[in-house]
Amino acid sequence: MGKVYVFDHPLIQHKLTMVRDVNTGTKEFRELTDEISTLMAFEITRDLPLEDVTVQTPVSEASAKVLAGKKLGIVPILRAGLGMVDGILKLIPAAKVGHVGLYRDPETLQPVEYYVKLPSDVEERDFIVVDPMLATGGSAVEAIHSLKKRGAVSIKFMCLVACPEGVEAIKEAHPDVDIYIAALDEKLNDHGYIVPGLGDAGDRLFGTK
């Protein structure tokens with residue numbers, strides 16, 4: 001069963017408060033999202049496997065650890081998820097980046113896949129699907145489904161702000177997926193926005209309305 005991790009690190013919480021602030025402009029919002037993503041990547045990679053090696057220091061030989069070569073993939077949900085990619089790549093520069101594009105059907109209100117591009121070795125990678133917000137959960141559920149139907153078997157989901165409705169949607173549709181969030185907020189409002197949330201992450205990242 002997938003687990004839910006809420007990061008309480010002081011630096012993450014401090015920067016998230018600034019991201020929430022309505023007075024934070026596009027440049028600062030983008031930089032803070034990047035920084036929080038780096039800090040969250042530090043936590044989400046805590047269980048990466050290691051292997052033993054021998055290294056020659058200036059003094060003597062030493063037994064040491066290196067990553068065991070596990071292949072990683074980062075998959076932002078377009079478009080807001082793009083704002084989290086560079087922050088993760090700072091820590092994991094060798095990770096491959098895929099993309100999943102979804103839009104909401106105006107009649108059914110359900111997410112519809114319009115673009116998917118993933119690394120060729122999908123089955124061999126651990127994927128981190130990223131999106132700043134987890135509101136209704138519809139986009140996240142569909143993005144994870146898009147990866148699974150193309151052969152992905154190891155998937156984590158990471159976002160800045162979530163609400164209980166979105167968390168439950170992922171847990172119900174994809175019980176094998178762990179969820180990593182910086183804040184679990186109160187609820188969704190009647191317009192589908194997280195309360196208190198941070199507004200529309202895509203608009204705030206890219207300066208659009």
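**Reading the cores and salt bridges of a predicted model**

Analyst: M40 touches F7, I12, M158, C159, L160, Y180, I181 and A182, leaving out residues up to four places away in sequence. Contact here means heavy atoms within 4.5 Å. This is a predicted model, in which local features need pLDDT of at least 70 and side-chain atom pairs count only at pLDDT 80 or more, while totals for chains, interfaces and linings use all residues. Residues are numbered from 1 along each chain as its sequence is written, and side-chain values use heavy atoms, with hydrogens and water left out.

User: Which residues touch the most other members of the largest nonpolar core?

Analyst: A nonpolar core is a set of buried Ala, Val, Leu, Ile, Met, Phe, Trp, Tyr and Cys residues joined through side-chain atoms within 4.5 Å. Buried means under 20% relative accessible area, exposed over 50%, and partly exposed in between (1.4 Å probe, protein chains only). In this structure the largest core has 34 residues, and M40 and M158 touch the most other members. Elements that each supply at least two of its residues include α1 (10-20), α2, β4 (71-78) and β10 (154-162). The largest share, six residues, comes from α2. Another core, of 25 residues, lies apart from it, with V141, A152, F157 and I179 among its members.

User: How many salt bridges does the structure hold?

Analyst: A salt bridge is a side-chain nitrogen of Lys or Arg within 4 Å of a carboxyl oxygen of Asp or Glu. The structure holds 15 of them. One of these joins the side chains of K90 and D34 at 2.3 Å, N to O. K90 lies in the loop between α3 and β5 (96-97) and D34 in helix α2, so this pair ties together parts 56 residues apart in sequence. K90 counts as exposed at 55% relative accessibility, whereas D34 counts as buried at 12%.

User: Which parts of the chain does the pair D203 and R79 link?

Analyst: The side chains of D203 and R79 meet in a salt bridge at 2.8 Å, N to O. D203 sits in helix α6 and R79 in the loop between β4 and α3, 124 residues apart. D203 is buried at 17% relative accessibility, and R79 is partly exposed at 35%.

User: Which residues do salt bridges that share partners join into one network?

Analyst: That network consists of K71, D121, E124 and R125.

Note on methods. Helix = DSSP H or I, 4+ residues; strand = E, 2+ residues; numbered from the N terminus.
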